[in-house]
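Visitor: Please take a close look at the ligand site of this model. After that, go on to the parts of the chain that can be described in detail.

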Amino acid sequence: MTENKATLSVNGKTIELPVYKGSTGPDVVDVRGLVSEGLFTYDPGFVSTASCESKITFIDGEKGVLLHRGYPIEQLAEQSDYLETCYLLVYGELPTAERLEWFRNTVKNHTMVHEQLNHFYNGFRRDAHPMAVMCGVVGALSAFYHDSMDFSDQDHREIALFRLIAKMPTLAAMCYKYSIGQPFVYPRNDLSYAANFLHMMFSTPCENYEVDPVLAKAMDKIFLLHADHEQNASTSTVRLAGSSGANPFACIASGIAALWGPAHGGANEAVLTMLLEIGDESRIPEFIAKAKDKNDPFRLMGFGHRVYKNFDPRAKVMKQTCDEVLNALGCADDPLFRIAMRLEQIALEDPYFVSKKLYPNVDFYSGIILRAIGIPISMFTVIFAMSRTIGWFSHWNEMMGGDYKIGRPRQLYTGYTKRDYPKK
Ligand code: SDX
């Protein structure tokens, strides 16, 4: 990193701070020395804070650019697939044909879960939200792998990678089967990653089930588009949990919990619920007005982003995929898709949304595709979590492979100063 200096004058003192320039993106001011000057920085929500150095993903919010190890998301969506993108994210380079074959086969060898894990599901009500179940069962995975828990060892980290990437679809499909009272379906290693997931979701022991290749391709595209996104809330949660030395299964479980919120990954479920509530294009103005009303907590779900102040490149690819899937399935006039496209058009012409630079994000169209594939709304955020597992792991692995300190932010304290307990 090239370096220059910033000067801070505060409380009559002048402090010099190093400024680092990355390979692209904003320069950063290194404020680590401030604590020895009796100062903290203050940045609730980390709007202006770079929490770490990373080489995995770059986002330019003004230009709507998303790069994974330098490759634009549009090119990966068009020419790659989820598992190849997983390899790229974690190892840093695209694999040779042989390495990709090895990677795919190694994932296939880890798709089953320990039979004891099946019993964890019985502790939940059938109508439990699948994200609650995923938080539990993914965290519980660490109980089964005492043989490889030294994560300073790269080999132990790599086996955890394969276990997580391979088992997330199995555990997710088990959530759905449990919720509808059907038997768990074992993975099939002759199927692709996405086709295997759809097989475990929708096949039954009673009859042969053929995965529709159109749906498998759409599922894989959805996985790829959600794979990683720099230091978002759930990835930052995983890094913070990992900084204490917690095992990767517990860290990924903390990422699942953070993703669940409607302001983050839970938005895809909230978008569908919102579109169903709107119900007809004639009601769109009513909901646009609610979104603009400061006294109404309602927000246009699937719109806005902390970083993208222009279009979210994933939303553009997602919209195109939506159109392709709905046409391939013969439901091009899907009313929800029509409402979504009209909602986008009206919002992008409305001065409120234009002034606040609110554009559709990755969650706006994804739910329409998932619904067309047959995934129930309650499973939408589980799909996001499955896909983002590679991003969470890649950031955890990058941190564990370098120098890191336990994350321990400070605060601006505005509570009582010292006072004595009243004498009885
Ligand atoms: C994801 O960080 C990531 O990278 C996340 C993600 C990933 O891949 O990991 O991209 C995935 O989480 C996408 C975001 C999904 N969330 C939603 O779609 C929920 C709806 N959107 C918002 O709640 C909101 O836009 C956030 C949470 C996404 C961003 O919030 P910020 O950056 O904290 O911005 P803000 O809440 O301060 O909003 C700025 C202004 C506010 O108005 P003012 O107070 O300035 O008057 O814009 C308004 C907000 O009220 N606003 C909205 C709005 N989003 C922001 N108004 C109506 N509808 C919205 N959706």
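**The ligand site and beyond**

Guide: Among the 24 residues around the ligand, the nearest are His229, Leu300, Gly302, His305 and Arg314. The model is a predicted one. Sorted by class, the shell around the ligand consists of ten nonpolar, seven polar and seven charged residues.

On the backbone side, a polar atom of Ala263 lies 2.9 Å from a nitrogen atom of the ligand. On its own the ligand has 1000 Å² of accessible area, of which the protein covers 77%.

Next come the aromatic residues. The whole structure contains 24 aromatic pairs. In one of them, the ring centres of Phe303 and Phe353 are 5.9 Å apart; the planes meet at 70°, over the 60 degrees required, so this pair counts as edge-to-face. The two residues are 50 apart in the chain and the pair links distant parts of it: Phe303 sits in the loop between helix H12 (284-292) and helix H13 (313-328), while Phe353 belongs to helix H15 (residues 351-355). Both Phe303 and Phe353 are buried. Phe353 also forms an edge-to-face pair with Tyr352, with 5.2 Å from centre to centre and 75° between the planes.

Ring pairs join Phe303, Tyr352 and Phe353 with Phe337, Phe364 and Tyr365 in a cluster.

The strands give two further details. Strand S2 (residues 13-21) pairs with strand S3 (residues 28-29) in the antiparallel sense, over two bridges. In this pairing Tyr20 stands opposite Val28 of S3. The hairpin of S2 and S3 has six residues between its strands, and Gly25 there adopts a positive phi near 90°.

A separate open sheet has three strands in the order S4-S5-S6, paired antiparallel. Strand S4 (57-60) and strand S6 (71-72) are at the edges; each has a single partner strand, so one side of each has no neighbour in the sheet. Between strand S5 (residues 65-68) and S6 the antiparallel pairing runs over two bridges, and His68 stands opposite Tyr71 in S6.

A polar atom of the Asp153 side chain lies 2.7 Å from the backbone nitrogen of Asp155. The relative accessibility of Asp153 is 27%, which lies between the limits of 20% and 50%, so Asp153 counts as partly exposed. The C-alpha atom of Asp153 is 44 Å from that of Glu324, a residue 171 positions away along the chain.

How values were computed:
Residues are numbered from 1 along each chain as its sequence is written. This is a predicted model: local features need pLDDT of at least 70, side-chain atom pairs count only at pLDDT 80 or more; totals for chains, interfaces and linings use all residues. Side-chain values use heavy atoms; hydrogens and water are left out. A residue is near a molecule or strand if one of its heavy atoms lies within 4 Å of it. A polar contact is a pair of N or O atoms within 3.5 Å; within protein, one must be able to donate a hydrogen and the other to accept it, and residues adjacent in sequence count only if both atoms are side-chain atoms. Accessible areas come from the Shrake-Rupley method with a 1.4 Å probe; for residues, only the protein chains shown count as cover. Ala, Val, Leu, Ile, Met, Phe, Trp, Tyr, Cys and Pro count as nonpolar, Asp, Glu, Lys and Arg as charged, and the others, Gly among them, as polar. Buried means under 20% relative accessible area, exposed over 50%, partly exposed in between (1.4 Å probe, protein chains only). Two strands pair if DSSP finds at least two bridges between them. Helices (H or I, at least four residues) and strands (E, at least two) are DSSP runs, numbered from the N terminus. Rings of Phe, Tyr and Trp (its six-membered ring) pair if their centres lie within 6.5 Å; planes under 30 degrees apart count as stacked, over 60 as edge-to-face and the rest as tilted.
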